[in-house]
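These are my notebook entries on a structure that I looked through step by step. I set down each item as I looked it up.

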Amino acid sequence: MKIIKVAKGLSGELEMVPFRISEDGVYVPYYEDGVQAGFPSPADDFKEQRLSLDAKLLSKPNSTFIVRVKGNSMFDTLHVGDLLIVRADLNLEDNDIGILSVNNNDFTVKRLDKSRNLLVADNEDFPNIEINEDDVIQCRGVVKHLIRDL
């Protein structure tokens, strides 16, 4: 198996989403202590800070792209309509989710399982892709964040 980095088009399972970063950034209130999902603690005070989602999610804009999930092969990790923030400057490591192509076929989103030489579809209704020694895996980028509407 050989993993190489490329920059080429995506398949019908993914849709490229253009983005632009302004110089000013947009800052929103951020509560670093989080919020209790169980019983609230009256002793906790909310300490408001400011957070820029641009700085948090798009810190490397020249090597970052965003794609929209259009298929169900990675459900329930990824849902149709999720926006994936992908970094093209990172190496794909074991258990990472990447935008990948096998032997120059269409790009898809899958999880790398190096020990079993598989590209794993998290949805059991979809087959995993077995990687043979002669296969060439093209990695467009590694998924680092997702944005999902509730």
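Predicted model: local features only at pLDDT ≥ 70, side-chain atom pairs only at ≥ 80, totals over all residues.

**Entry 1. Arg111 and Asp122.** I applied these words to a salt bridge. At 22% relative accessibility, Asp122 is partly exposed, because this value falls between the two cut-offs. Arg111 has 17% and therefore counts as buried. The side chains of Arg111 and Asp122 form a salt bridge, with 2.7 Å from N to O. I then located the partners of this pair, which links distant parts of the chain: Arg111 is in strand β8 (residues 108-113), and Asp122 is in the loop between β9 (118-120) and β10 (129-130), eleven residues apart.

**Entry 2. Other salt bridges.** How many salt bridges does the count come to? I recorded five salt bridges. One of them joins the side chains of Arg148 and Asp82, at 2.8 Å from N to O. This pair, too, links distant parts of the chain, since Arg148 is in the segment after β11 (136-147) while Asp82 is in the loop between β5 (64-69) and β6 (83-87), 66 residues apart. I looked up the accessibility of both residues. Asp82 is buried, with a relative accessible area of 2%, whereas Arg148 is partly exposed, with 32%.

I also looked up the salt bridge between the side chains of Arg87 and Asp89, which is 2.8 Å from N to O. Arg87 counts as buried at 16% relative accessibility, and Asp89 counts as partly exposed at 36%.

**Entry 3. Strand β6.** Is β6 enclosed or open to the outside? I found that five of the five residues of β6 are buried, so the strand is largely enclosed by the rest of the structure. I kept a general point in mind: in a regular strand, side chains alternate between the two faces of the sheet. For β6, I listed the residues by side. Leu83, Ile85 and Arg87 are on one side, Leu84 and Val86 are on the other, and all are buried, which leaves both faces of the strand covered.

Next I looked up the pairing of β6. With β5 the strand pairs in the antiparallel sense over five bridges, and in this pairing Ile66 stands opposite Ile85. With β11, β6 also runs antiparallel, joined by five bridges. The bridge partner of Arg87 in β11 is Val142.

**Entry 4. Thr64.** I turned to Thr64, which has its place in strand β5.

**Entry 5. Backbone geometry.** Which peptide bond is cis? I found a cis bond from Phe75 to Asp76, with omega near 10°. Asp76 lies in the loop between β5 and β6.

I then looked up two residues with positive phi. Asn104 has a phi near 70°, although this residue is not glycine. Asn104 is found in the loop between β7 (97-102) and β8, and is partly exposed, with a relative accessible area of 47%. Asn117 has a phi near 50°, again a positive value in a residue other than glycine. Asn117 is in the loop between β8 and β9 and counts as partly exposed at 33% relative accessibility.

**Entry 6. A nonpolar surface patch.** Last, I looked at the surface. Which residues form a nonpolar patch there? I recorded Val26, Val28 and Leu53, with about 240 Å² of accessible area together. I followed up on Val26, which lies in the loop between β2 (14-17) and β3 (27-31). Val26 has a relative accessible area of 55% and is therefore exposed.

Terms used. Residues numbered from 1 in each chain as written. Heavy atoms only, no water. Patch = residues over 30% accessible without salt bridge, like charges linked within 9 Å, V, L, I, M, F, W, Y side chains within 5 Å. Areas by Shrake-Rupley, 256 points an atom, 1.4 Å probe, with all protein chains shown as cover. Salt bridge = Lys/Arg side-chain N within 4 Å of Asp/Glu carboxyl O. Helix = DSSP H or I, 4+ residues; strand = E, 2+ residues; numbered from the N terminus. Buried < 20%, exposed > 50% of the residue type's maximum accessible area, 1.4 Å probe, protein only. Pairing = 2+ DSSP bridges.
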